[in-house]
Amino acid sequence: MPDTARLWPDAIQAELPKLVEIRHHLHAHPELAFQEFETSKLVLRELQNLGLEIRSGMAKGTGIVAVLRGKGPGANSREAKAVALRGDMDALPIVEETGLNYASTVPGRMHACGHDGHTTMLLGAAKVLARHPERLNGTVVFCFQPAEEGGGGGRYLVEEGALDNPACSAAFALHGFPSMPVGHVAVRPGPAQAASDGLHIVVHGVGGHGAAPHLAVDPIVLAARVIEALQGVVSREVNPVESAVVTIGAIHGGEASNVIPQSVELRGTIRTLKDDIRRKVHEAVKRTVEHTCLAGGGRADVTIRDGYPVVVNDLAASAFALDTARGAFGAERVHELPLPSMGGEDFAYFLRKVPGAFIRVGVATRQPYPGLHHPAFDFSDGAIPVGVELFCRLAERYLAEGFGAAD
Ligand SMILES: [Zn+2]
Ligand SMILES: [Zn+2]
């Protein structure tokens, strides 16, 4: 192959003004999970005339899967591969405080997780790769998913066959990373994002007069004991070299200072990085809450709702992604992260089906930079060409040689 070091950067520069415009438009018009109707229409419009096979209306309506058939040598052979690239489209119920001239125009809605940037980078990759099918020795499947923020849109997309026809053998996703400067890329091999499960507890007591606690069973005292007892689950029941989090984020009970209420409600989240630890923590939480309440003469209803599973980056795919990023941006800008995040991500559903990697791209233009979900966060325009180039190179190289050469 001829030297193509400038091929992708030059092709991306030609698209960049339009991509920046798209991102600013998306940022100004954020839509919540499963309501990404205008976003989905914009994506469809931008995918027109690129020669892609498009499936729309997926994942409850707004999901889109677009297929690009390569024309490189061997693209039509039996051994030709297919690779999935994912971008998420939904925004958050947050009041924006960036002061940007393209800030949200929708009260209480904001692209505070940078999914405007993710959608734009995936669109950019579709546009650029579609102009260079001769570089692709197989097929690229672009997955625009709704509802990453709690709705599990990725699960619907996978269940509806996004990775099946053509059969993908690898998947990659990019996410903005505010603790790293623009131009940098990072991957955590192995478990990268935690399983995030919902915890709901109702502590039942017996209501009564605040001056006669002996005639009541005080669920407020029981709830306090429950919170205290739960601190022992991670510290005493999980192997100290493993990780888990049990956080109670909401507690509701009582109305008056002299009344013992009937019940108290607690809500929280459980985060773990391995399936066996996940099951163990669930069991320990349930047992601890139920028996703490029984000991005080009350009882508890404990519901643990399974959220997203652990995002596990395949080791070969991680090495491949790191090596590909080093080739594009230089080793000094590419980082192997030593630790996972306890945040959740529904790209986990893609990685349960095929090996791949969840890759972080730096968005910080100053330090400290506002974190994800912060009202002052913005996905930086400077990260767009970085992400598009990475997507293009991952697709090109994976279809040419698989993960193999980077091992
Ligand atoms: Zn988020
Ligand atoms: Zn996100």
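User: How many other C-beta atoms lie within 10 Å of Lys60 in this structure?
Analyst: The model is predicted, not experimental. A residue counts as buried with 20 or more other C-beta atoms within 10 Å of its own and as exposed with 12 or fewer. Lys60 falls in between and is therefore partly exposed, its count of other C-beta atoms within 10 Å being 16.

User: What is the phi of Lys60, a residue other than glycine?
Analyst: Most residues other than glycine have a negative phi. Lys60, found in the loop between strand S1 (53–58) and strand S2 (63–69), has a positive value instead. Its phi is near 70 degrees.

User: In which loop is Phe34 found?
Analyst: Phe34 also has a positive phi, about 65 degrees, although it is not a glycine. With 18 other C-beta atoms within 10 Å, Phe34 is partly exposed. Its place in the chain is the loop between H1 and helix H2 (37–47).

User: At roughly what angle do the axes of helix H1 and helix H3 cross?
Analyst: Two packed helices are described by the angle between their axes and the distance between the axes. For H1 (residues 7–28) and H3 (residues 115–130), the axes come within 9 Å. The crossing is right-handed, and its angle is roughly 145 degrees.

User: How do the residues of the contact of H1 with H3 divide into nonpolar, polar and charged?
Analyst: On the H1 side, the contact includes Trp8, Ile12, Glu15 and Arg23, and on the H3 side it includes Asp116, Thr119, Leu123 and Lys127. The residues of this contact divide into 8 nonpolar, 5 polar and 4 charged.

User: What omega does the peptide bond from Asn165 to Pro166 have?
Analyst: Most peptide bonds are trans. The bond from Asn165 to Pro166, however, is cis, and Pro166 lies in the loop between helix H4 (153–159) and strand S5 (170–181). The omega of this bond is near 10 degrees.

User: Is the peptide bond from Gln367 to Pro368 cis or trans?
Analyst: Pro368 is in the loop between strand S16 (356–364) and helix H9 (383–401). The omega of the bond from Gln367 to Pro368 is near -5 degrees, and the bond is cis.

User: How far apart in space are His374 and Glu255, C-alpha to C-alpha?
Analyst: His374 is placed in the loop between S16 and H9, and with 16 other C-beta atoms within 10 Å it is partly exposed. In sequence, His374 and Glu255 are 119 residues apart. In space, their C-alpha atoms are separated by 32 Å.

User: What distance separates the centres of domain 1 and domain 2?
Analyst: Domain 1 comprises 7–192 + 310–406, whereas domain 2 comprises 195–308. Where the two touch, 9 residues of domain 1 are in contact with 8 residues of domain 2. The side belonging to domain 1 divides into 5 nonpolar, 2 polar and 2 charged residues. Taken over C-alpha atoms, the centres are separated by 38 Å.

User: What is the radius of gyration of the protein?
Analyst: The protein has 9 helices and 16 strands. For its 407 residues the globule rule gives 22 Å, and the protein's own value is close to this, so the protein is as compact as a globular protein of that length. The radius of gyration is 24 Å.

User: What percentage of the 407 residues in the protein are buried?
Analyst: The C-alpha trace spans about 85 × 45 × 40 Å along its principal axes. Among contacts between residues at least 6 apart in sequence, 81% join residues at least 24 apart. The buried residues amount to 48%.

Methods. Residues numbered from 1 in each chain as written. Chains lettered and ligands numbered in written order. Predicted model: local features only at pLDDT ≥ 70, side-chain atom pairs only at ≥ 80, totals over all residues. Helix = DSSP H or I, 4+ residues; strand = E, 2+ residues; numbered from the N terminus. Rg over C-alpha atoms; globule rule 2.2 N^0.38 Å. Contact = placed C-beta atoms within 7 Å. Axes fitted to C-alpha atoms, helices over the stretch in contact; angles between N-to-C directions. Left-handed = near helix turned anticlockwise from the far one by under 90°. Nonpolar A, V, L, I, M, F, W, Y, C, P; charged D, E, K, R; others polar. Domains from an automatic or database assignment.
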